Amino acid sequence: MCFHIRTMLHVTDDHWLVGARRIESPNAGPRPDPDDISLVVVHGISLPPGEFGTGCVEALFSNTLAIDAHPAFADLDGVRVSAHLLISRRGRLTQFVAFDRRAWHAGESSYRGRQGCNDFSVGIELEGTDSMPYTKTQYVRLAAVVGALLARYPRLSVSSLVGHAEIAPDRKTDPGPSFDWRRLVLGLSTCEGQAPRAPRLRALDLRGASPSRSPAEGS
Ligand SMILES: [Zn+2]
């Protein structure tokens, strides 16, 4: 099963994922160094919070969200954000920004003393909340996506997977305690057909995570 997905998922020469729906977001720009893709940031998002399959996340990333459609959207007026990928509850993949470009997903952030994680990271949004378990299909898809990224970008490794909360602990809690990092790492090892490599679990520890979060992702 994983082999089948991995053969379907690969990154093209122009940095798009084959098999993913494409909705290009204007909320992106060039990376300072296009070859420096060395971190994967996992996020959780739903709009309105706790509602799935609404199309509002895609609208937010496309600057077409109707702000007056829901009270929870009031804080999103004028917000310009994106991510490289969204994985829906059913595992549907949507790509918004080519991987060699800088998506606006992490906002003010720091990883191992390096500021501005958008410069050198890939941002992957899982449709969900901090407190509701992510779906089995999402874990399978995410492992397949990360496998494709590992195969394409040599500076990435299993130890360069973090949650948004890890790189912006004072502002963000996603993907939250509901995300099972060990399940992702095991999925990666299964897909790669090799023994699990030791993950950097310190980096996978979501410090201060709580069920509440802002729906805005920051840029
Ligand atoms: Zn986030």
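Two strands are taken to pair if DSSP finds at least two bridges between them. On that basis, six strands of this predicted model form an open sheet of mixed pairing, in the order β1-β5-β4-β9-β3-β10.

**Sheet**
- Strand β5 (residues 93-95) and β4 are antiparallel to each other and pair over three bridges.
- Within this part of the sheet, leucine 85 lies opposite glutamine 95 of β5.
- Helix α3 packs on the sheet, where α3 touches β3, β4, β5, β9 and β10. The direction of α3 makes about 170° with that of β9.

**Nonpolar core**
- The largest nonpolar core comprises 55 residues, and Val40, Ile124, Leu142 and Val145 have the most contacts inside it.
- Elements giving two or more residues to this core include β3 (39-45), β9 (121-127), α3 (136-152) and α5 (181-192).
- The largest share of the core, eight residues, is supplied by α3.
- Beyond its neighbours within four places in sequence, leucine 142 contacts Ile87, Ile124, Leu126 and Leu184.

**Confidence**
- The chain has an average pLDDT of 88, and 83% of the residues score at least 70.
- Residues 1-7 stay under 50 in pLDDT, and the model has nine contacts for them beyond four places in sequence.
- Residues 193-217 also have a pLDDT below 50, with 52 contacts in the model beyond near neighbours in sequence.
- Where pLDDT is low, predicted coordinates should not be read in detail.

Terms used: Residues are numbered from 1 along each chain as its sequence is written. This is a predicted model: local features need pLDDT of at least 70, side-chain atom pairs count only at pLDDT 80 or more; totals for chains, interfaces and linings use all residues. pLDDT is the predictor's confidence in each residue, from 0 to 100. Two residues are in contact if their C-beta atoms, placed from the backbone, lie within 7 Å. A nonpolar core is a set of buried Ala, Val, Leu, Ile, Met, Phe, Trp, Tyr and Cys residues joined through C-beta atoms within 7 Å. A residue is buried if 20 or more other C-beta atoms lie within 10 Å of its own, exposed if 12 or fewer, and partly exposed in between; C-beta atoms are placed from the backbone. Helices (H or I, at least four residues) and strands (E, at least two) are DSSP runs, numbered from the N terminus. Axes are lines fitted to C-alpha atoms, for helices over the stretch in contact, and angles run from 0 to 180 degrees between N-to-C directions.
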